[in-house]
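Visitor: Would you kindly guide me through how the helices pack and what surrounds the ligand?

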Amino acid sequence: MTSAVRIGISRSRPEARSEMPLVGPLVDRYGRVHDDLRLSVTDRCNLRCVYCMPTEGMTFLPRAEVLSFEEIVRVAGVARSLGVRSVRITGGEPLVRRNICDLIGRIAALGFGDVALTTNGILLAALAEDLASAGLRRVNVSCDSLRPGRFSAIRRRGELDVVLGAMAAAEAAGLTPLKVNVVLLRGQNDDEIADFADFARQTGRVVRFIEYMPLDAEGHWDRDQLVPGHEVFERINARWPLQAMADPSDPAPADRFRFADGQGEIGLISTVTEPFCGTCNRLRLTADGAIRNCLFSDAEHSVRDVMRAGGTDEDLARTIREAVWGKLPGHGINEPGFLRPVRSMSMIGG
Ligand code: SAM
Ligand code: SF4
């Protein structure tokens with residue numbers, strides 16, 4: 001076990017509340033307060049990572065279905081008024097959305113405590129300073145291999161050097177602490193666990209090892225391909241002893257560990273093998289304006305439809321509340337009968 005604090009609860013947890021409050025924090029039937037919003041600004045991407053999108057044939061949303069900046073800012077503002085404190089901009093690849101710095105400036109002006117972004121890094125170096133000036137606080141950069149050939153094989157497009165350069169540019173622009181997302185795939189990059197741990201130690205960047213989830217568009221996911229967080233922990237800990245940092249009440253999905261000698265930090269995102277559903281505080285807005293309460297649930301509430309039908313901010317607030325209220329107690333991946341969601345990761349917003 002990497003941590004005693006992750007709570008995997010079944011979909012049928014009993015003690016649910018019955019009445020949805022219309023004031024106060026955004027809460028679900030099980031009392032989980034939702035104050036973290038993942039905002040997907042596009043389903044498009046300039047890469048085709050093997051665990052996310054097919055090389056060819058991905059169908060993207062027609063432009064008319066994608067929320068405008070005005071619509072995104074309006075929903076973010078309503079979420080802010082409902083107690084959401086942090087926003088992460090994502091996609092698809094958020095930096096391929098034109099004028100993204102303008103959007104980030106408008107979101108930052110809403111007064112969130114934290115505005116962050118997850119990116120593949122390909123376009124980041126050129127935008128880092130403008131993003132920071134617009135009010136972005138920090139970035140997570142995805143990078144699944146430190147070997148150039150393998151990096152390009154896993155991400156199918158793009159080059160490692162560009163992404164490493166982007167990390168440096170982001171740090172120079174003050175977008176820190178910089179986190180590096182690594183999706184581990186058995187037999188493809190799990191021999192680089194120690195290299196990434198060393199990278200974290202040498203650079204001070206927080207490397208987060210993510211379990212492969214059943215969210216690839218091609219439907220190829222299979223449990224044997226994921227590398228469990230506890231294995232990553234054991235392999236690193238054997239070489240460089242680790243100390244747990246996580247606060248049991250911290251809803252962040254990563255179990256955080258510092259190296260016992262004080263040189264750096266890693267995170268383990270063990271969504272499949274050690275679900276953190278019991279403390280989940282997240283809601284999501286897809287690029288086409290659906291509020292989703294879980295990556296793995298197909299239940300969606302369209303705020304785009306509400307807005308385009310002339311709905312008020314009160315109507316939007318109610319729609320967001322209903323979306324959160326309907327959240328199941330757990331994602332159910334490890335239960336018999338689990339069905340993977342219809343939309344894949346890049347269509348939902350990771
Ligand atoms: N395009 C950006 C990027 O790659 O960082 C942001 C969006 S991407 C969907 C967000 C994160 O989800 C990335 O760190 C990516 O590696 C991760 N991801 C994508 N598909 C995944 C999967 N099937 N399982 C686990 N993580 C996945
Ligand atoms: Fe694009 Fe990110 Fe998906 Fe890779 S993980 S294909 S970079 S959206």
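This is a predicted model: local features need pLDDT of at least 70, side-chain atom pairs count only at pLDDT 80 or more; totals for chains, interfaces and linings use all residues.

Visitor: How are helix α1 and helix α9 oriented to each other, roughly parallel or roughly perpendicular?
Guide: The axes of α1 (residues 69-81) and α9 (residues 313-325) come within 10 Å and cross at roughly 70 degrees. Angles of 65 to 115 degrees count as roughly perpendicular. The two helices, α1 and α9, are therefore roughly perpendicular.

Visitor: Which residues of α9 make the contact with α1?
Guide: On the α1 side, the contact is made by R74, V75, V78 and A79. The residues of this contact comprise 6 nonpolar, no polar and 2 charged. On the α9 side, the residues are D313, L316, A317 and I320.

Visitor: How are α2 and α3 oriented, roughly parallel or roughly antiparallel?
Guide: The axes of α2 (residues 100-108) and α3 (residues 124-134) come within 8 Å and cross at roughly 20 degrees. Angles under 35 degrees count as roughly parallel. This makes the pair α2 and α3 roughly parallel.

Visitor: How many charged residues does the contact of α2 with α3 have?
Guide: In α2, I100, C101, I104, G105 and A108 meet L127, D130, L131 and A134 of α3. By class, this contact has 7 nonpolar residues and 1 polar residue, and the number of charged residues is 1.

Visitor: How many residues of the shell around ligand 2 are nonpolar?
Guide: The residues around ligand 2 are C45, L47, C49, Y51, C52, G92, N120 and R155. Of this shell, 2 are polar and 1 is charged, while the nonpolar residues number 5.

Definitions and conventions. Residues are numbered from 1 along each chain as its sequence is written. Chains are lettered from A and ligands numbered from 1 in the order in which they are written. Side-chain values use heavy atoms; hydrogens and water are left out. Axes are lines fitted to C-alpha atoms, for helices over the stretch in contact, and angles run from 0 to 180 degrees between N-to-C directions. Helices (H or I, at least four residues) and strands (E, at least two) are DSSP runs, numbered from the N terminus. Angles under 35 degrees count as roughly parallel, over 145 as roughly antiparallel, 65 to 115 as roughly perpendicular and the rest as oblique. Contact means heavy atoms within 4.5 Å. Ala, Val, Leu, Ile, Met, Phe, Trp, Tyr, Cys and Pro count as nonpolar, Asp, Glu, Lys and Arg as charged, and the others, Gly among them, as polar. A residue is near a molecule or strand if one of its heavy atoms lies within 4 Å of it.
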